[in-house]
Each structure stands twice: as C-alpha cells, then as structure tokens.
Amino acid sequence: MTSLREIDAGQIQQTVARLCQEAATLLPDDVLQALRKAREKEESPLARKVLDQILRNAELAGENLLPLCQDTGTAVVFLEIGQDVHLIGGDLHEAIRRGVGQGYTDGYLRASIAERPFSARINTKDNTPPVVHTEIVPGDKLHIKVLPKGGGCENMSRFTIMLPGEGKKGITDFVLRTVEESGGNPCPPVIVGVGIGGTAETAMLLAKKAITRRVGQPHVDAETAEFEQELLEKVNALGLGPQAVGGRTTALAVHIETYPTHITSLPVAVNLQCHSARLKEAVL
Amino acid sequence: MTELKIALPLTDEIVEKLHAGDDVHLTGVIYTARDAAHRRMIEALEKSQPLPFDVRGQVIYYVGPTPPKPGQVIGSAGPTTAMRLDRYTPALLAAGLKGIIGKGGRGPAVRQTLQEHKAVYFIAVGGAGALLSRHIKKAEVVAYEDLGTEAIRRLVVENFPVIVCNDIYGADLLEQGKAQWRRTEVLQG
C-alpha cells in the first residue's frame, strides 16, 4: 500500500497568500521577454511608446513592490492534487479562501469581488471568494497556480458551439471577430486562450488553462501548434496594436487547448488575457 | 504624432489644438469616477441637485486605485474600460465636462456628444498602474467616501501621460490605427 504524504492546510493558506502578492507585483519572465521582443519588432511609433510604458511599468512595480495594475483581479486558483496527498489541519477550500483574503489585505491589493451579483453587489472587502479549479493527478505533490484575472479582459470572453464542419475556418473567424470587437478593452497586446472541444463548460475551462501556459511555448501536438501560429499571424494582422492605438502587436501569443467532443458538436471558447499576464505557482 | 504639455483645466482654446493620436502630458487637477460614482452623479443631475464638484472645464479619470501603502499618495492607478460608462457620459458632457481619461473605445453617441460639446476623450495605458501612480502627486476623497475605491477623488497630476483618442473634429484614434496597420492580405490568406 502506498503511504500518503501529509500537507497541512495552514501551509496551503500561507502559500496562496504569498502567491497572490507576488503575482500582483512581479510580471513573469516569459511575459517580459515576449513584450521586449514585441517592442523590437513593432513598427508604429505610437505603439512603441505604449510598449515602453508597459515595460517601464513592470520595472517600477517589481522594484517597489507595487501592483502592476490597479485591477488585481479575481483570484483564480488552479490546484493539481496528487492522489497520494493527505490534506490535514483543516478544510482545503477554506484554507485557499483565507490565503486569498490574507494576501490581498496584507499586500494592499484591490478588493474587486461583489457578492449578490445580480442585485446589491456588495464588495466582500478582501477579494474573496476565489474561483478554484481542482484536478486529481498522480503523485504526492500539490501544485498551486494563482492567476489574478482582470475584469477588462475577462469581460471579453466569448463562447459558441459551431457545426462540426465549420472546422478551422469557423474557429479562425470566431477568434478574429472576438479580438477585433474587444478593441482596447482587454488591454492588448493580449494572450489569446482558445478552448476547443469537450462540452460547453470544458471549452471555457480549456481556454482559461491555455492562458496559464508559458507565453509562446507551442502546444506539444504539431497540428495544434501550427494552428496557434496561423492564428497569431492573423490576430496581429488585425492592426489593433497595443491598447488598440494601431500597430503590429495585438497579441503576444495564441494558445489552444483541445479535448475530444461529441460527433454533433464543435464547442469553441475564447478567453483573453491582458498584457499584465500575472501568474505565480508553487509546488508543495 | 504631436507631443504636447498641457496645464489643466481645459479650455476651448486648448481642445481646439488637440488631434487624435497626439501624445499629451497633463498637469493640474483631475477627478476620479467609475461606475457607482457615475450612477450617483446622473441621479443628482436628474433631480437637479448639485454635483459633488463643478464639472465645467474639468477632466474625469476612470480609475479605481489599489489601497495606498503607508506613506503613498495613492496605490496603482491605471484606467478602466471606458465603454461601461458610455451610458452616463453624454449628460456629464452636457453639464460642461471637458475631458475624460479611460481605456478602449467609445460608442457613437459619446463620440458625437464629444464633438457637440467640444470635449476630448484621452486614453492612458491600461495595465500601467504603477507607472501612472508616480505622476499623481496628491489625492483626496471629495465625495461618496462609502464607495471605497470607487469614491470621487481629486488628484493633482504632473506630466500625466495620455493619448488623444477622440478629438473635437470627430477623429477616432482606434479607427485610424486599425486602418493604417491592418494587413488585409494576411487576413484573407
């Protein structure tokens, strides 16, 4: 019999609190590199100025531990729980909720979550509750990712179910329409997450997971990776540019995730991530 | 792309010089307001009650900053999506508001009203909240304190970097930009 590895809820809470604060202030290296590369290639003078401000902002935020953006987002937490992990010392979801509340309060991050969403919309004051996605995986580790997701880009998410025959052409048109209609709202240059397949909710979750991949890292499947490149070239041909002022850099990357789907269906979801693509992770 | 330094408040003479795409640095007083503050201001206008500040000639910045750390004037303070405020904007422009700072484009009604009332919509760089906060030298809540981050604040800014998006002549930077940089041959390929 395999022995179980114990992980304490208190440790999870402290880790989540730390990740919330780090994510809000430190832009990941892969995102910085993609932005620098975009700045070198950008031809529009105004777009270059915008990219310069974005890069300078990341420096200032990192040096002074200031939030990169005032919208410190919904705390989206992805958990991969090893099946040989035994969680002790409290309720897992409560530990994550407390970690988020602690991280946002101690880090002077903005509380942006409203309860009673269709009526009173009362701010919960500590940015809780988070949105948590859990997955059981082999092993005895707990992998935690914190993705602070801004409202401006999340509001531009789109979902559709196409006819199976619409294929790549239909998906391409849908992605281009989504990016073009969103204009400057999601804070381009964006990362375009595309989820294809499964059922309705699978597609949107895949799209969200797609934006947690390291920027520019191609999909392991060659056909999917090729489609990502085709889409990236077309998205950048839209000409929106950084903050939609016009330019070559509308997206830093297009990431696709797929799942087999029903013979009658082709669910497609798009989740956009702003250039302040904040993400921090830890393995316990 | 013209570079301009402007001392606030705005006047007809100043806005006549501004064109979509101009790179502008603002110095002076601006006021913050987001969704909830706009709803209250519009209610006040509908009931013919006074607004919390005289909007004539003034600039409203769509921002909900992070809480300041001890010793800070203000937390991170970048622009929020302007389109959400489109429904409230024409009434404020009619009341004399002369400038707005946000991110993203405006709908046709706002664009038309900007022209009618000789007012300008600027964009600041969304997601540059740490950088923009350094150009804010003073911040005080002047109304709706209960709204927290959405309260109306009076800010004193210095060389605050913005770009003219919609000028008084009807030009729109986002349309111009797309027209100039779109690669139709790739899109059709």
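Are B:Tyr61 and B:Phe160 buried or exposed? Both B:Tyr61 and B:Phe160 are buried. The model is predicted. This report starts with rings in chain B and then turns to chain A.

**Aromatic pairs**

A pair of aromatic rings is described by the distance of the centres and the angle of the planes. Over all chains, a search of the whole structure finds 2 aromatic pairs. One of them joins B:Tyr31 and B:Phe53. Their planes meet at 10° and their centres are 3.9 Å apart, so this pair is stacked. B:Tyr31 sits in strand 2 (residues 23-32) of chain B. B:Phe53 sits in the loop between helix 2 (35-46) and strand 3 (59-61) of chain B. The pair therefore ties together parts that are 22 residues apart in sequence. B:Tyr31 and B:Phe53 are both buried.

B:Tyr61 and B:Phe160 also pair. Here the planes stand at 70°, and planes over 60 degrees apart count as edge-to-face, so the pair gets that label. The ring centres of B:Tyr61 and B:Phe160 are 5.2 Å apart. This pair links distant parts of the chain. B:Tyr61 belongs to strand 3 of chain B, while B:Phe160 belongs to strand 7 (residues 152-166) of chain B. The two are 99 residues apart.

**Arginines over rings**

Two arginines of chain B each lie over the face of a tyrosine.

| Arginine | Ring | Distance from the ring centre |
|---|---|---|
| B:Arg40 | B:Tyr144 | 5.1 Å |
| B:Arg106 | B:Tyr121 | 4.9 Å |

**Chain A as a whole**

Chain A has 8 helices and 12 strands. Its radius of gyration is 19 Å, close to the 19 Å that the globule rule gives for 284 residues, so chain A is as compact as a globular protein of that length. The C-alpha trace of chain A spans about 55 × 50 × 40 Å along its principal axes. Of the 284 residues of chain A, 57% count as buried. Take the contacts in chain A with a separation of 6 or more: residues 24 or more positions apart account for 82% of them. The accessible surface of chain A is about 12200 Å², and 52% of that belongs to carbon and sulfur atoms.

**One residue in chain A**

A:Val175 is in helix 6 (residues 167-182) of chain A. Why does A:Val175 count as buried? Its relative accessibility is 0%, and buried means under 20%, so A:Val175 qualifies. Leaving aside neighbours within four places in sequence, A:Val175 is in contact with A:Val192, A:Val194, A:Leu231, A:Val235 and A:Val270. A:Asp106 is 69 residues from A:Val175 in sequence and 39 Å from A:Val175 in space, C-alpha to C-alpha.

Methods:
Residues numbered from 1 in each chain as written. Chains lettered and ligands numbered in written order. Predicted model: local features only at pLDDT ≥ 70, side-chain atom pairs only at ≥ 80, totals over all residues. Heavy atoms only, no water. Helix = DSSP H or I, 4+ residues; strand = E, 2+ residues; numbered from the N terminus. Buried < 20%, exposed > 50% of the residue type's maximum accessible area, 1.4 Å probe, protein only. Contact = heavy atoms within 4.5 Å. Phe/Tyr/Trp six-rings, centres within 6.5 Å; stacked < 30°, edge-to-face > 60°. Lys NZ or Arg CZ within 6 Å of the ring centre and 35° of its normal. Rg over C-alpha atoms; globule rule 2.2 N^0.38 Å. Areas by Shrake-Rupley, 256 points an atom, 1.4 Å probe, with all protein chains shown as cover.
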